[in-house]
Amino acid sequence: MALMKCPECDLQVSDKAITCPHCGYPLDKPAVARSTRKSKKRMRLPNGFGSITQFKGKNLRNPFWARVCVGRNDLGKFILKPLKPQSFFATYNEAYAALVEYNRNPYDLNDDLTVQQLYDRWTKEYFKNTSEAYQRTIASAWAFCSSVYNMRAKDLRARHIKGCMDDGYRIETKGKKKGEKIYATAGMKSRMKSMFNLMLDYALEYELVDKNYARTFDVSEDIVKEKEEAKRSHIIFTEDEMKILWDSVDEVQFVDWILMQCYMGWRPQELATLRLDEINLNEWYMQAGMKTEAGKQRIVPIHTKVRDLLKKNYDFAVSIGSEYLLNDKGQTHAGSWKITYDKYAKRFKKVIAQLGLNPEHRAHDPRMTFITRCKKAGVDEYALKEMVGHSIQDITESTYTVRDLEWLRSDLEKMQ
């Protein structure tokens, strides 16, 4: 080994040095290049992620072959299948991006994917950001589509979807009609059409089908007409029916809920979700509401005739640690105490049937009854609008008139 001068800094360095230790000047440029050359070897893909193979020695436009893991064989080795609908890519990065997308939302690579399997995959993703009530709506619509459950998704056509809507039925599992065939109503047919629209949109996005045939036709005019005819007016409770309700309040469960609604005018959803912290028992009023700006957080006095009924429900809620006024677990005594609109409507219908009242009554009818009885009793029109959450167009009333609690209470008590 001998010493030499660095051509850059003029200091002595070994003639074997690759770079100058003083200034870093490259003394052996080929050696520097070899030591700093980046490796072309790519990082290993995670287990179960998939495989990317490059075909060399052939003049291929798309030499990178992407495969996905679909399980393991008896020896524990991964089973690989070509990615669909495209498995060959021009660059490694394109193939890797396709594998990432597949692993983010895996789909069945089998051409024999059934409509049932498609429904299961779609709902697993779609239900993540939807309410329980909406999920029940989709499940109800799906129950009428058993004729296509085992079809291949790629074979599903408009005629099959129309067949579900026109001829599909479900088997009743509860009550006196247990075992009976239930056919879809006009409203249910519309929901079925909407469900297929969304489900096949998903299938088209992931290229599981070639076309969304649900969007090739509209709901027939007959179904629309039938649906419009189903929109009937609400029916108020007659005086005789009100007497039956009061006479049964200690005998039939949930009658007290209906009476509270009849004397305070809440929408079913509002009453079902009324929280204890929205009720003031010292001054006997509630401040809650939903749906419209006029209806949100409105003050409603608690009518003297239903105070005991409300207090009973309030005390029960406290005893079970619930934050809501209305609570029931149902006959199975399992699950949540919380009441939803659907649960309230079912209990409402149960009371109507048990007491032999007009079977056409719906869960909104007590609100209509409240409004009608208030008007008959001479309750001020604008006080009534405030209590039921209707907008007031009169500027003097909406802007310059402030009704306090006692003013509203005195008007409400006109109704008996």
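Which residues do ring pairs link into a cluster? In this predicted model, where local features need pLDDT of at least 70, side-chain atom pairs count only at pLDDT 80 or more, and totals for chains, interfaces and linings use all residues, the cluster is made up of Y119, W122, Y126, Y134, W142 and Y149. Residues are numbered from 1 along each chain as its sequence is written, and side-chain values use heavy atoms, with hydrogens and water left out.

**Aromatic rings and charges over them**

- The structure holds 16 aromatic pairs, where rings of Phe, Tyr and Trp (its six-membered ring) pair if their centres lie within 6.5 Å, and planes under 30 degrees apart count as stacked, over 60 as edge-to-face and the rest as tilted.
- The charged end of K181 is placed over the ring of Y169, 4.5 Å from the ring centre, a charge being said to sit over a ring if NZ of Lys or CZ of Arg is within 6 Å of the ring centre and within 35 degrees of the ring normal.
- In the other arrangement of this kind described here, the charged end of K193 sits over the ring of F217, at 5.0 Å from its centre.

**Salt bridges**

- The count comes to 14 salt bridges, each defined as a side-chain nitrogen of Lys or Arg within 4 Å of a carboxyl oxygen of Asp or Glu.
- D328 and R347 form a salt bridge in which the closest N and O atoms are 2.9 Å apart; this pair links distant parts of the chain, with D328 in the loop between α11 (307–319) and α12 (341–355) and R347 in helix α12, 19 residues apart.
- Helices (H or I, at least four residues) and strands (E, at least two) are DSSP runs, numbered from the N terminus.
- Both D328 and R347 are buried, a word that means under 20% relative accessible area, while exposed means over 50% and partly exposed lies in between (1.4 Å probe, protein chains only).
- R275 and E278 meet through their side chains in a salt bridge of 3.5 Å, N to O; R275 counts as partly exposed because its relative accessibility is 29%, whereas E278 is buried, with a relative accessible area of 11%.
- K414 forms a salt bridge with D411, the closest N and O atoms being 3.0 Å apart; K414 is partly exposed at 42% relative accessibility, whereas D411 is buried at 4%.
- Salt bridges that share partners also join R267, E270 and R298 into one network.

**Buried positions in a helix and a loop**

- Q261 belongs to helix α9 (residues 255–264) and counts as buried because its relative accessibility is 0%; the side chain of Q261 reaches the backbone oxygen of W266 at 3.1 Å.
- G389 lies in the loop between α14 (381–388) and α15 (395–400) and counts as buried at 3% relative accessibility.
- The C-alpha atoms of G389 and R267 are separated by 9.8 Å, the two residues being 122 residues apart along the chain.

**Nonpolar surface patch**

- F55, L60 and F88 make a nonpolar surface patch of about 240 Å²; patches are made of residues with over 30% relative accessible area and no salt bridge, like charges being joined within 9 Å and nonpolar side chains (Val, Leu, Ile, Met, Phe, Trp, Tyr) within 5 Å.
- L60, one of the patch residues, is found in the loop between β3 (51–54) and β4 (64–72) and is partly exposed, with a relative accessible area of 39%.

Key. Accessible areas come from the Shrake-Rupley method with a 1.4 Å probe; for residues, only the protein chains shown count as cover. A polar contact is a pair of N or O atoms within 3.5 Å; within protein, one must be able to donate a hydrogen and the other to accept it, and residues adjacent in sequence count only if both atoms are side-chain atoms.
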